[in-house]
Amino acid sequence: MKINKQLVFNLSLAFLLFFVIHFLMSNRIISAYYQLNIYLLFINIIMATSLNLVNGFLGQLHLGHAGFMAVGAYVSAAMTTKMDLPFLPAVITGSIAAGIVGLLIGYPIFRSGRLGGDYLAIATLGFGEIVRIIFVNTQYVGGASGLSGIPRYTNWPILFFLTVATVLLIRNFINSSHGRAVLSIREDEIAAETMGINLTKYKLMAFSIAAFFAGLAGTLYAHYFFIISPNTFNFLKSVDYLVMAVLGGLGSITGSIIAASGLTIISALLQDFGALRMVAYSMILVIIMIFRPSGLMGTKEFKLSFLEEKERR
Amino acid sequence: MKNKKFIAGLVTILFAVTMIAGCGGGTPDPTPSETPDSVKVGVNLELSGNVAQFGQAVANAVEMAFEEINAAGGANGIMLEPVLYDNRSDNAESLNVATRLASQDNVPVIIGPVTSSNTLAAIPVSEQFEVSVVTPTGTATAVTVDDRTGETRPFMFRTCFIDPFQGEVAAQFAAQNLEATTASIYVDNNSDYSKGLEASFQSAFEGFGGEIVSVEGFVIEDRDFRSTLTRMIGNNPDVIFIPAYEEQVALIISQARELGYEGALVGTDGWDGPRLPEVNSPENLQNAYFTNHYTSESDDPKVVEFVNNYRDAYGSTPTALAALGYDAAYVVADAIARAGSGDKIAIRDAIASTSGFVGVTGTVTLDEQHNPVKSAVILGFDDEGRQTYVTTVDPN
Amino acid sequence: MKNALLFYGVYNRKGVSMDIFIQQVINGLSLGSIYALIALGYTMVYGIIKLINFAHGEIYMIGAYIGFFAITSMGLGFIPALIIAMIGCAILGMAIEKIAYKPLRKSTRIAVLITAIGVSLFLQYTTVFFLRPEPRIFPKILTDGRFNIFGLKAYITYQQLTIFIVTILLVVLLQYIVHFTKTGKAMRAVAFDKDAATLMGINTNNIISITFAIGSALAGAAGVMVGVYYSAINPLMGIMPGLKAFVAAVLGGIGIIPGAFTGGMIMGVIEAMVSGYGNSLYRDAVAFLILIIILIFKPTGLFGKSEREKV
């Protein structure tokens with residue numbers, strides 16, 4: 001196998017990034033407050049990229065991503081806090097649980113054809129609300145006040161590598177033949193169906209993969225923030241992720257990463273402007289859709305030009 | 001090849017972003033000098049979101065208290081600098097704000113949040129950074145005592161009475177003063193506060209020989225309570241106990257009266273505020289009573305002065321929440337004065353040993369579980385819909 | 001009348017009678033009238049441009065605020081306030097269509113839906129920002145009072161009665177416009193086939209504007225009536241009723257006017273029954289459960305005819 005300079009460069013860059021932050025955090029050069037926001041940033045990256053799979057690559061509007069995050073968070077937190085199980089099985093179970101819930105919600109909607117696609121927005125919105133209501137009424141996980149005393153298992157190496165893994169897995173999925181089928185549905189449902197693509201199957205596949213990763217983000221979130229409560233995963237949380245996916249570009253993974261990072265930082269800076277932040281978010285949505293309907297990056301991916309040149313023949 | 005370009009892009013972005021996020025952090029803790037000129041006091045309150053009006057009232061009172069203290073020469077010569085952030089009435093934001101206050105602003109003590117849920121979210125920060133958290137109004141028992149181990153949380157304090165006490169007072173009033181034998185409870189299922197009160201009222205009321213005929217719940221977004229109330233009134237309770245906040249209670253009372261309920265309505269400090277008389281005619285509010293921390297009608301000179309100053313500054317009568325915020329600020333100032341430094345542990349010990357502190361909501365002495373021992377008042381409404389003092393109930 | 005009660009013989013487990021059932025139906029129909037008025041706007045807009053107008057719930061909220069200010073600042077009575085709110089909302093609806101949706105006529109569906117969500121959030125949070133988040137107390141402009149029904153221990157209040165009467169008048173008016181006027185005919189033509197309608201010389205842009213105006217006016221009326229009925233309004237009050245009204249429109253068969261009306265009423269009664277006999281905490285969940293059930297068993301709704309998808 002040929003040694004690829006680029007691959008070496010990338011891997012070393014990734015490791016460098018990882019170790020630099022690791023060093024800064026472990027020596028308390030980055031204060032707890034910034035550390036908290038860096039963690040939030042990486043969790044948001046998982047959420048935004050996975051949401052983009054549905055909204056960007058499949059082309060269906062999904063408005064309840066925070067609901068799947070809640071499923072992952074609650075299932076995993078109940079396992080570690082209430083049953084004293086270790087972190088790893090909790091993460092896996094939490095993510096799978098979210099994926100399964102995605103299947104259950106998606107099936108009736110996608111099965112009912114194109115009309116169903118239209119209703120996905122409402123159904124997912126409603127789903128997010130139902131999840132919230134169910135957790136509010138479940139005393140086992142603390143009801144409305146939420147589940148507190150969750151052990152802080154999420155650490156920097158776990159978070160970093162799971163985020164990178166999520167992004168790469170979603171990327172690989174899109175480049176696979178299944179992913180191409182999903183893209184063809186976005187471009188033209190009828191043509192895709194004529195080509196023999198099973199619409200329900202691929203829509204459901206993209207949707208539940210997204211749900212799975214949202215669940216993963218939820219498990220990491222719960223095990224960093226000590227307390228989760230049903231209100232943490234409300235509709236506005238879903239809107240946050242929607243704005244990230246839209247701003248970055250519907251169909252651009254690197255776009256989602258940039259937007260997730262940028263908006264997390266801006267949101268932290270705008271701590272004291274609660275209402276204005278939402279006004280700005282809503283204007284971003286409308287203006288982008290009117291003037292640049294595919295988002296800032298469109299379906300393009302961010303690339304380094306000096307590396308790109310080496311690839312040209 | 002495409003894949004690699006992608007990874008290159010990805011890694012570069014992650015790197016750049018993390019650098020941006022990471023910079024600006026990391027000023028090392030300044031070593032506290034023996035007697036500092038000033039001490040920062042963190043304030044973590046609900047300035048926006050669904051309980052914003054409570055956070056705002058406390059913020060006003062805290063600000064007023066600090067101005068008074070500094071104008072009078074500070075806490076034993078130490079000026080107090082409040083650092084106020086909004087937690088948007090959200091648990092995660094409350095944790096975020098507490099972390100920011102503790103790690104960025106290096107405050108030794110934080111006043112707030114208002115609600116029990118948001119206060120619970122700040123517990124890990126208090127322990128990690130050894131910062132004292134003094135909630136003016138978080139009434140749930142779990143705020144200061146870990147209900148799993150029964151141990152007192154070392155850095156958590158409050159300056160208001162706890163839910164069980166308030167629930168007992170309400171039950172005692174219903175059973176003895178109103179001579180009720182049956183009661184229904186209407187709970188706000190979104191709040192710890194409401195659920196805690198439900199439990200304590202229920203056991204106390206049954207202890208007085210009464211019967212709880214039904215317990216119903218609502219959620220904070222509800223505006224139409226008629227269907228549930230219709231069912232509740234069908235059981236003919238002597239008393240309906242509504243441990244909730246004024247926003248919903250105002251509508252519940254109006255709809256209950258509209259549906260023909262003429263029995264007594266009993267509530268708790270969440271009823272305090274302008275909403276009940278705004279929504280309801282004075283007739284609706286007859287036979288409605290609630291427990292509270294203080295009454296603005298009191299002729300205690302300390303209270304009169306506070307009420308007048310607050311009215312001058314903000315143009316409205318201070319609610320009990322404002323009074324509690326005011327007392328919390330003074331308790332903290334008193335502790336800083338006794339500690340004589342900005343040292344976290346010294347301040348913590350000073351707060352824990354607060355004793356006989358006279359505030360507008362009564363005399364504050366913290367017990368071993370960091371809860372004050374205070375008396376409660378029962379308020380009703382006169383024929384113009386204004387709050388009137390009914391009686392005082394002392395802790396046994 | 002006591003005998004009549006025994007004749008009905010409907011007693012629940014706590015020994016409470018028919019009275020309560022009737023009371024719940026009345027409560028449900030009042031709520032249902034509100035849903036019906038909102039659902040009509042959803043269904044008309046969907047019928048004509050196949051767009052789920054998420055901002056519709058916010059138009060209802062703005063209607064409540066317009067009514068509030070008309071009553072408090074201008075000192076108007078119920079009917080003038082209702083009319084002003086309807087006019088204000090009609091203008092707002094048309095403006096939203098012109099500014100946000102019209103440029104996107106040729107865009108993908110998801111782009112339009114995201115815009116709709118954006119508009120909805122924009123209206124919510126500009127209202128939060130300028131009018132503050134806390135609820136406003138709607139002044140009492142209708143006298144308190146109630147009628148006893150058939151001598152039972154069930155009541156209908158003046159407010160509920162007003163809601164029924166206004167809703168029915170508005171729905172009759174709407175049916176008249178849609179079925180007996182030229183504009184209505186053009187609306188039906190555009191809904192049936194936009195391109196063909198354009199070819200026949202119908203100004204589709206105007207018709208779309210008018211549809212938004214009428215739908216928004218109905219939502220505005222619902223907003224004012226909700227203010228009167230619940231006595232409190234707030235900037236986020238449109239979210240849940242908006243979603244439920246949409247489910248009501250789907251339940252009746254989206255794009256079908258009588259369907260939206262019936263769907264709204266059914267939703268209202270179901271909700272009252274869930275609160276009254278089940279657990280009110282699951283009331284919101286039930287609405288979405290209904291949506292899922294419709295999608296599984298009859299995606300075209302109660303009044304819908306199945307139609308082959310056009311290619």
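The legends below describe close-up views of a predicted model.

**View 1. Overall fold and dimensions of chain C.** Twelve helices and four strands are assigned in chain C. Along the principal axes, the C-alpha atoms of chain C occupy a box of roughly 65 × 50 × 35 Å. The radius of gyration of chain C is 20 Å, which agrees with the value near 19 Å that a compact globule of 311 residues would have.

**View 2. Burial and contacts within chain C.** Of the 311 residues in chain C, 58% are buried. Contacts in chain C between residues at least 6 apart in sequence were also classified by separation, and 74% of them join residues at least 24 apart.

**View 3. The two domains of chain B and their contact.** The domain assignment divides chain B into domain 1 (38–161 + 299–365) and domain 2 (163–292 + 377–393). The centres of these domains of chain B, taken over C-alpha atoms, are separated by 28 Å. Ten residues from domain 1 of chain B and twelve residues from domain 2 of chain B form the contact. On the side of domain 1 of chain B that touches domain 2 of chain B, seven residues are polar, three are nonpolar and none is charged.

**View 4. The contact between chain A and chain C.** Chain A contributes 37 residues to this contact and chain C contributes 35 residues. On the side of chain A that touches chain C, at least two residues come from each of α4 (87–111), α5 (113–136), α10 (235–248) and α12 (274–291) of chain A. The largest share of that side, 14 residues, is supplied by α5(A). By class, the side of chain A that touches chain C has 26 nonpolar, eight polar and three charged residues.

Definitions and conventions: Residues numbered from 1 in each chain as written. Chains lettered and ligands numbered in written order. Predicted model: local features only at pLDDT ≥ 70, side-chain atom pairs only at ≥ 80, totals over all residues. Rg over C-alpha atoms; globule rule 2.2 N^0.38 Å. Buried ≥ 20, exposed ≤ 12 C-beta atoms within 10 Å, placed from the backbone. Contact = placed C-beta atoms within 7 Å. Domains from an automatic or database assignment. Nonpolar A, V, L, I, M, F, W, Y, C, P; charged D, E, K, R; others polar.
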